[in-house]
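User: I would like to go through this structure with you. Could you begin with a helix?

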Amino acid sequence: MNSAQTSLPADRALPGLLDGLELIRADFPILTRELADGFPLVYLDSANTSQKPQVVIDAMVDHLERHNSNVARAMHQLGAESSAAFEESRDKVAAFINAPSRDEVIFTKNASEALNLVANTLAWARGPLAVGAADEVLITEMEHHSNIVPWQLLTERKGATLRWFGLTDDGQLDLSNIDDLITERTKVVSLTWVSNMLGTVNPVAEIARRAHEVGAIVVVDASQAAPQMPIDVIAADADFLVFTGHKVVGPTGIGVLWGKRALLEQLPPFLGGGEMIATVAMEKSTYADIPHKFEAGTPPIAEAVGLGAAIDYLSAIGMSNVKAHEEAITGYALEGLSTVKGLAVFGPKTASNRGGALSFAIDGVHPHDVSQVLDSRGIAVRAGHHCAKPAHKRFGVQSTTRASSYLYTTPAEIDALIEGLEYTKKYFRVTG
Amino acid sequence: MDIDLLYQEIILDHYKHPHHKGLRDPYEVEVHHVNPTCGDEVTLRVHLTGEGDEAVVEDVSYDAEGCSISQAATSVMTDLVIGKTVPEALAIHKEFLALMQGRGHVEPDEDVLEDGIAFAGVAKFPARVKCALMSWMAWKDATSQILVARMTAGADGSEPELKEQS
């Protein structure tokens, strides 16, 4: 397939766009895909999962072809290479999020598992971290289900109370009742840094400061933040922070939990098995130090290698540059969407301090139908509740269509989206 | 990908002008079904009259939110089952299910499925099959609940059975 005739020009001048965008796009082999009826792929579903550059694919293939063996337990040369590669990725992650110690970086299978690890080990914790019936866990109405359900499970199990930050009409956290929400009873505050539906960027450091005044633990879901802005766990003032590999141009099957050493050391193990022990006797086992205490069983080794390559790739481009590109594209998209009559965008309407997820509704056309018609033109978006049902309910909609950009998105792709939306309206005979 | 196969004129008509929409009395059972992956929802009421194999689907009323396929399928379903006996309606359900699960290889029978034949193209879009089936599942659930309740009231202890007309 020759993509030369069908690929979209990416050279439109827009301040903030990444330099050499065409070269960056060339790093992502999937972007040359031609879909049914000769339409070039316009991939606007990066908040769902990002595409992978060739270096990530190559790093994983090279690992499997030349270095594959188990980590930590294998004493041979390949075992040493594999262990070194796996642990090197931990170093890269630690640097990527400015973690004070590499031992505070725990590999999980995804962000959901990382959040469940924290919520479950808190449920099992004794002593100062134990959660009791008088305690409260505070989350927000804009959370992904993976940052809601584990806390519902925790509070149900312990008889504790789950409380919520509400949202303002423009999609910001409603902080007007923060004094009522964050009190001496608050044990955990868990919130997303960037909303996967609304694109809102939350003031995590400000909320963390308030939470720490009452001794609460702060958990930050950086699943949408890590792909598009610099992450600094110290500046964010988080106690725990999670993100997933597949949204930062890495592979699926690997996620990250970062936690403060003192807390990780106090929490009981999550899963039991190999790798997480110090010794095992029939009467009792003792556990490994962090991070291995929380990494039972053979970990996702090739995936860790891929994640390391992904972080190298993003770091070489520079996360500040990625952020500027996302803002430029998001601003251009907001402008384009505002020209589509009958279309309403949920969340902040300006690109500054906003993530690249753009959820919207069109009068008279259901989001699934919008996405189906766009797909027939090669444009991949997501339709549905995006695992954020409470946020949708807050804005009185059952589902939305979401277009989400990334460092490889071009203004021409946004043009294709806007044209596709006008075509969709015509297809469903929506006038105006 | 020819989406005209999916969005037949008949489907768009039912979507824009749904039949039998709204929740009505009387009814015996009301059910609420959701499609967890996409969030489509239907609240559906069934009113049966008569007994046993002679039981007739007197009314199906509903309040639904969802895509054009799910809304049109609900509308067409009410056209197909209202006024039929329960075994007749179940036979139509079975025919529609076979069409939806046929991956586009099943030739629909217009005498049985009427406007339902327009959904033949949906079977070629696997992600949308569940949209077309949601309200049928809700109707079948409500109907079987009514029959179970009647059976329990009859207290003969036997398992009720949904019989299709062959």
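Analyst: Helix α11 of chain A, residues 301-317, has 17 residues and reaches 25 Å from its first C-alpha to its last, close to the 24 Å expected at 1.5 Å a residue. Helices are DSSP runs (H or I, at least four residues) numbered from the N terminus, and the expected span is 1.5 Å times one less than the number of residues. This is a predicted model: local features need pLDDT of at least 70, side-chain atom pairs count only at pLDDT 80 or more, and totals for chains, interfaces and linings use all residues. Residues are numbered from 1 along each chain as its sequence is written, with chains lettered from A and ligands numbered from 1 in the order written.

User: Is α11(A) mostly covered or exposed?

Analyst: Mostly covered: 13 of its 17 residues are buried, that is, with 20 or more other C-beta atoms, placed from the backbone, within 10 Å of their own.

User: And which residue takes a positive phi just after α11(A)?

Analyst: A:G318 does, at about 100°.

User: Which residues touch the most other members of the largest nonpolar core?

Analyst: A:V220, A:L241 and A:V242, out of 121 residues. α11(A) gives the most to this core, with 10 residues. Such a core is a set of buried Ala, Val, Leu, Ile, Met, Phe, Trp, Tyr and Cys residues joined through C-beta atoms within 7 Å.

User: Why does this core lie between domain 1 and domain 2 of chain A?

Analyst: Because domain 1 (21-52 + 318-427) and domain 2 (56-315) both give residues to the core; the bounds come from an automatic or database domain assignment.

Conventions: Helix = DSSP H or I, 4+ residues; strand = E, 2+ residues; numbered from the N terminus. Buried ≥ 20, exposed ≤ 12 C-beta atoms within 10 Å, placed from the backbone.
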